Amino acid sequence: MKNKNFIIENASISTPAGIVEKGSCKVENGIISRIIKGRIESNMHRINAKGAYLLPGFIDLHSDALEKEIEPRPNTYFPINIALLELDKKLASCGVTTIFHAISFAEGEIGVRSNKMAANVINEINRLKALMCINVRVHARFEITDHKAVAYLEDSLKAKKINLLSFMDHTPGQGQFKKKASFKAYFGNVYKKNEAEIIKIIDKKIANEDKKKSNMDYLANLCRSLKITMASHDDDTTDKIDRLKIMGITISEFPVNQKTAKAALDKGFHVCLGAPNVLRGISQTQNLNARKAIMAGYGDILASDYAPMTLLHAVFTIFKLNILPLHEAVNMVSINPARAAGIINHTGSLDKGKEADILLVDALGEIPRILKTFVSGKEVFSTC
């Protein structure tokens, strides 16, 4: 459907404050112009939702899916432009209307994370984003022991090719990997690294530990001057949260324990948890259980991490387990990430004046299904 002027009626509309039953949403020139309970009189084209949910499009602040599209198996690469444009269609089908592609600068971890490759991927995202059907942004991830990555990131930040920068530290002994054994198990199982390759990665990280602070300080200063949002990854102590606060970091991604998640929220951070963790009911690395964290009130954002399809199903899992009302679960993938990323003025909720980034969702069957996805009022995915 090319018409950006239409009314969706007879829908259960999820607004930030609650669900509007049997509601109507009017879209004019790609912008939401009215939402009410009941019928809107107009001669505009109508879509009968037949009681389905109308949700705001999902905003995904952390998705590694592009890395898997480019390098689906170790040292096996597809062209970046093909991977990007094919993934764009998949994301629309998953209800993602704004994606922050997470691109890692972590030389030696896996091939696609080499600094030269990562910089090239960012260049391609920026070159091709006008061709994509959803809104595309860049989340650059910086492994803080990779000193040589600083120059690459500096160039991309100054060229305004990065919208979000996060700091990560995969050095064993802290963060996600408390023990070398867990690091070896993860990189062995997920990325098929052998023992010698894993030892080489660990030794390199340990050798560069003395550069961590100066690397972070330099790039944090640059981000503050450019007004670029910053996040931190796998936070594990309250002391670390205190240091991050001073640096101007505002998002704590995937804190590894509840005490740190609470400290981050208390300090005014947005706390981002994994949608796969919610859906599965367990952390892949046996760290913080996202369901329990949300029950305790210690998380306000969900990100897809490595599986875009989990956003929809995590939202309805939270609702069906009575952890949160549906509209509050929806807020975790819409208005809350929009607020954290500084794009709340034009997207992230079904409110008058916002871009018509909209999902029509059938939740009556065995599992919820996305029926239609609209971006700025343009239909970019449909099963009906």
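**Threonine 97**

I looked up threonine 97 and found it buried, with a relative accessible area of 0%; buried means under 20% relative accessible area, exposed over 50% and partly exposed in between, with a 1.4 Å probe and protein chains only. The model is predicted, so I note that local features need pLDDT of at least 70 and side-chain atom pairs count only at pLDDT 80 or more, while totals for chains, interfaces and linings use all residues. Residues are numbered from 1 along each chain as its sequence is written, and side-chain values use heavy atoms, with hydrogens and water left out.

Threonine 97 lies in strand β7; helices (H or I, at least four residues) and strands (E, at least two) are DSSP runs numbered from the N terminus. Leaving out residues up to four places away in sequence, I find threonine 97 touching Gly57, Phe58, Ile134, Asn135, Asp357, Leu359, Thr373, Phe374 and Val375, where contact means heavy atoms within 4.5 Å.

**Helix α4**

I went through α4 (residues 149-158) and list Ala149, Val150, Leu153, Glu154, Ser156 and Leu157 as buried. Their cover includes β7 (96-105), α3 (115-128), β8 (135-143), β9 (164-168) and α7 (212-226). Just after α4, lysine 160 has a positive phi of about 60°.

**Helix pairs**

I took α3 with α4 to begin: they pack at an angle of about 10°, with axes 10 Å apart. Axes are lines fitted to C-alpha atoms, for helices over the stretch in contact, and angles run from 0 to 180 degrees between N-to-C directions. α3 and α4 are therefore roughly parallel; the classes are under 35 degrees for roughly parallel, over 145 for roughly antiparallel, 65 to 115 for roughly perpendicular, and oblique for the rest. Asn115, Lys116, Ala119 and Ile122 of α3 meet Ala149, Tyr152 and Ser156 of α4. I sort the residues of this contact into four nonpolar, two polar and one charged, with Ala, Val, Leu, Ile, Met, Phe, Trp, Tyr, Cys and Pro as nonpolar, Asp, Glu, Lys and Arg as charged, and the others, Gly among them, as polar.

I then checked α2 (residues 80-93) against α3, and the angle is about 55° with the axes 10 Å apart. The two helices, α2 and α3, are therefore oblique to each other. Their contact is made by Ile80, Asn81 and Leu84 of α2 and Met117, Asn120, Val121, Glu124, Ile125, Arg127 and Leu128 of α3. I get six nonpolar, two polar and two charged residues for the contact of α2 with α3.

**An aromatic pair**

I searched the whole structure and have three aromatic pairs; rings of Phe, Tyr and Trp (its six-membered ring) pair if their centres lie within 6.5 Å, with planes under 30 degrees apart stacked, over 60 edge-to-face and the rest tilted. The rings of phenylalanine 142 and phenylalanine 167 have centres 6.3 Å apart and planes at 70°, so this pair is edge-to-face. Phenylalanine 142 is in strand β8 and phenylalanine 167 in strand β9, so the pair ties together parts 25 residues apart in sequence. I find both phenylalanine 142 and phenylalanine 167 buried.

**Lysine 352**

I placed lysine 352 in the loop between α14 (335-341) and β14 (358-362). Lysine 352 counts as exposed, at 70% relative accessibility. Leaving out residues up to four places away in sequence, lysine 352 touches Ile32 and Ser33.
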